[in-house]
Amino acid sequence: CSSDLALPSKEQRPSAQSIAGKERILLVDDDRALQAVTKDILMRLGYSVDAFAEPLLALAAFREKPNGWDLVITDRAMPRVPGEQLAKEMKGIRPNLPILMLSGFISAEEDVSLRKSGINSVISKPVLPEEIGAAVRAVIAQGKVAAF
């Protein structure tokens with residue numbers, strides 16, 4: 001399967017083994033179809049995924065068990081609680097929490113702003129298995145480096 005789509009890194013296309021993991025992910029996306037696809041991709045890579053369509057329910061679960069997940073993946077545009085607000089609330093509880101944001105379109109200025117607000121990485125939708133897998137591994141690795 002050959003593709004002209006370049007991955008964010010300068011490396012060759014990552015192998016399935018290099019983007020696989022066993023960490024727990026909290027996935028928040030109000031679009032149930034995209035949520036199901038993203039969850040399936042992550043589970044096929046070996047991750048344990050708890051998915052929520054409602055950001056407030058995800059936040060309540062996170063408040064009950066803030067160390068229950070290794071990474072949060074959130075959609076940016078959601079009703080009532082946008083991804084940035086959800087990330088801010090979660091970071092207020094657990095400042096070192098790795099967060100990856102999914103967005104339909106993002107400008108370079110928005111990307112810089114999101115990263116300054118504590119978002120570790122931003123991925124454009126629709127998600128590709130190799131891209132989200134590589135981003136998850138990179139964000140988790142950043143968190144582990146920062147923890148020491």
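Two strands are taken to pair if DSSP finds at least two bridges between them, and the strands themselves (E, at least two residues), like the helices (H or I, at least four), are DSSP runs numbered from the N terminus. The structure described here is a predicted model, in which local features need pLDDT of at least 70 and side-chain atom pairs count only at pLDDT 80 or more, while totals for chains, interfaces and linings use all residues. Residues are numbered from 1 along each chain as its sequence is written, and side-chain values use heavy atoms, with hydrogens and water left out.

The overall layout comes first. The chain holds six helices and five strands, and from the N terminus on its elements follow the order α-β-α-β-α-β-α-β-α-β-α. Of its 148 residues, 45% count as buried, where buried means under 20% relative accessible area, exposed means over 50%, and partly exposed lies in between (1.4 Å probe, protein chains only). Contact means heavy atoms within 4.5 Å. Among contacts between residues at least 6 apart in sequence, 66% join residues at least 24 apart.

The five strands build an open sheet with the order β2-β1-β3-β4-β5 and parallel pairing. Its edges are formed by β2 (48-52) and β5 (121-124), each of which pairs on one side only. From one strand to the next, the twist averages 20 degrees; axes here are lines fitted to C-alpha atoms, for helices over the stretch in contact, and angles run from 0 to 180 degrees between N-to-C directions.

Helix α2 (residues 32-44) touches β1, β2, β3 and β4, and its direction makes about 170 degrees with that of β2. Helix α3 touches β1 and β2, and its direction makes about 150 degrees with that of β1. Leu57 lies in α3 and counts as exposed because its relative accessibility is 54%. Leu57 is 29 residues from Val28 in sequence, and the two are 9.4 Å apart in space, C-alpha to C-alpha.

The geometry of α2 can be checked against expectation. At 1.5 Å a residue, its 13 residues should span 18 Å, and its end C-alpha atoms are 18 Å apart, which agrees; the expected span is 1.5 Å times one less than the number of residues. Gln35, Thr38, Ile41 and Leu42 are the buried residues of α2. These cover an arc of only 130 degrees around the axis, which puts them on the same side of α2; the arc is that of the directions from the helix axis to the C-beta atoms. On the face turned away from this buried side, α2 carries the exposed residues Arg32, Ala33 and Arg44.

A nonpolar core is a set of buried Ala, Val, Leu, Ile, Met, Phe, Trp, Tyr and Cys residues joined through side-chain atoms within 4.5 Å. The largest such core has 21 residues, of which Leu26, Leu86, Met90 and Ile119 touch the most other members. Two or more residues each come from β1 (24-28), α3 (55-64), α4 (83-93) and β4 (99-103), and α3 gives the largest share, four residues. Leaving aside neighbours within four places in sequence, Ile119 is in contact with Ala87, Ile99, Met101 and Leu114. Apart from this core lies another, of 19 residues, including Ile19, Leu42, Ile123 and Val139.
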